[in-house]
Amino acid sequence: MSDSSLIAASSANAARRGSAVSRRILIGLGWLVFAFFLLLPLVVVIGQGLSNGLGGFFAAILEPDALSALKLTVFAVLISVPLNVVFGVAAAWCVSKYSFRGKAILVTLIDLPFSVSPVIAGLIYVLMFGARGVFGPWLQEHDIQIVFALPGIVLATIFVTVPFVARELIPLMQEQGTQEEEAARLLGANGWQMFWHVTVPNIKWGLIYGVVLCTARAMGEFGAVSVVSGHIRGVTNTLPLHVEILYNEYNHVAAFAVASLLLILALFILLLKQWSEARISRLRKNAAEE
Amino acid sequence: MSRRISPVIPGFGLTLGYTLVYLSLIVLIPLAVMFIHASQLSAAQFWNIVTAPRVLAALRLSFGTAFFAAIINGVIGTLLAWVLVRYTFPGRKIIDAMIDLPFALPTAVAGIALTALYTPTGFIGQFAADMGIKIAYSPFGITLALTFVTLPFVVRTVQPVLADIPREVEEAAACLGAKPLQVFRHILVPALLPAWLTGFALAFARGVGEYGSVIFIAGNMPMKTEILPLLIMVKLDQYDYTGATAIGVMMLLVSFVLLLLINLLQRRIETPN
């Protein structure tokens, strides 16, 4: 072995030894950040929720106001998520299958709700449908209430979750291209057959992923819903708003018990997300191997 | 307006039409109504509202805390992305899955959890209080809440880019005598910077508008710990729709200008010369 290659080998070894130490330090720091920022808040929520025992925990969750808040949250999710799924598929379809002028602008507009404060999302519907809003007088004449009632809560939830499904589907469908759909068409499938038998199976996991993210945000939205909700207990309170009311009444145990319920839902959502993500990456790997 | 790639695939008119109608009804028209509502004010009136001392204090607080939270995330987010991509160790998968917890957890839950931890009687807050540091009910607490809710952004933008950098490049540099810091500066930083900036911008934009997690820990004292979204809420509660609208418009405009600047910076980095 020549001198120069010996020197190179020893310096590479030294670098590796150095990196073994830094490796340990960095992993340790990573764990510390994780424990401090993610684990600790989680433990606190469950711990405080259970501080009066399981009895107190279930009493807070099964109390009528909590149940009606849960019902309202489920209701808002069940309306906003399907609507945004249909929108997401349509938007991803026209963005990924065709090229047209103004496409970049359209994609920016789809993402717009992410850069608008939730409070502003609530405010704009108050300006549209509130008593002094654009449609206020007309709505009052016809005795329709949108803001400070259920429709307002649903609208605000839809606004903040508009981009989720489209955002997941656009890159996926762009990667997949149009060949399979074209083949289906040439073999005689009509538009809907092509969509249900070729496109949907291809985008299934991306769709599930988008739905999972969309559901998480829809069930947890606070700012936007807070603006348009009338804060009427048992009527226009969603679960997150119910947590706020309990907390502000210094009923901390009940607040954390209801919060624990939301936390468990969030962990379940993370699990679903992980699962659909694994499926997507497996599909990608298969596609790359073909 | 269309120049289709593939004339065989149907549905262009239907999907584009539906997309535009839906976006207009849900997003564009309501936002336009806000701008129209604000345009009823004269320039001087608008200026008076948005430069009131209480509004300016909230503006500084919101943008300042969001900026610091994004910077903190820039550091710990890069650290987490690095550890998750480069090393295998026990618990790696759990950490990787849990990174997204702040996106899945309702912000109000995050808010009360962090408040419970950081009040002077809380689990961590008591130690800080012994040292004379006030975390909850101060801008420090707001920054902490924003750091929590925007934690996933930098990790999730840097992670895939880092995974795509071939290890051989760094090893070659090390064999040629580059010190670890030189490898970091000349190889990793240029490759990661665009993704890092994207994550930073997303975290910053989200932080400026964040409401749910902040109001519990902030203390909400006017001029001191009152964020802009809360000020909009206060104005709405007083039926001061015009004031709320003016602040909302100002907030959107400032955010857009900042995002545009970050975008331009990113383009300059991606295309040198």
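The questions and answers below concern a predicted model with a chain A and a chain B.

Reader: Which pattern does chain A follow when it is read along the sequence?
Author: In this predicted model, chain A contains 13 helices and one strand. Read along the sequence, with each element written as its own symbol, chain A has the pattern α-α-α-β-α-α-α-α-α-α-α-α-α-α.

Reader: How much area do chain B and chain A bury between them?
Author: The contact draws on 84 residues from chain A and 83 residues from chain B. On the side of chain B that touches chain A, 65 residues are nonpolar, 15 are polar and three are charged. Of the area that the two chains bury between them, 80% lies on carbon and sulfur atoms, and the area itself is about 7600 Å².

Reader: Which side chains meet in a salt bridge between chain B and chain A?
Author: The count of salt bridges between chain B and chain A is one. A salt bridge needs a side-chain nitrogen of Lys or Arg within 4 Å of a carboxyl oxygen of Asp or Glu. At 2.5 Å from N to O, the pair that meets in this way is A:Lys273 and B:Asp100.

Technical notes: Residues are numbered from 1 along each chain as its sequence is written. Chains are lettered from A and ligands numbered from 1 in the order in which they are written. This is a predicted model: local features need pLDDT of at least 70, side-chain atom pairs count only at pLDDT 80 or more; totals for chains, interfaces and linings use all residues. Side-chain values use heavy atoms; hydrogens and water are left out. Contact means heavy atoms within 4.5 Å. Buried area is the accessible area (1.4 Å probe) that two parts lose on being put together, summed over both. Ala, Val, Leu, Ile, Met, Phe, Trp, Tyr, Cys and Pro count as nonpolar, Asp, Glu, Lys and Arg as charged, and the others, Gly among them, as polar. Helices (H or I, at least four residues) and strands (E, at least two) are DSSP runs, numbered from the N terminus.
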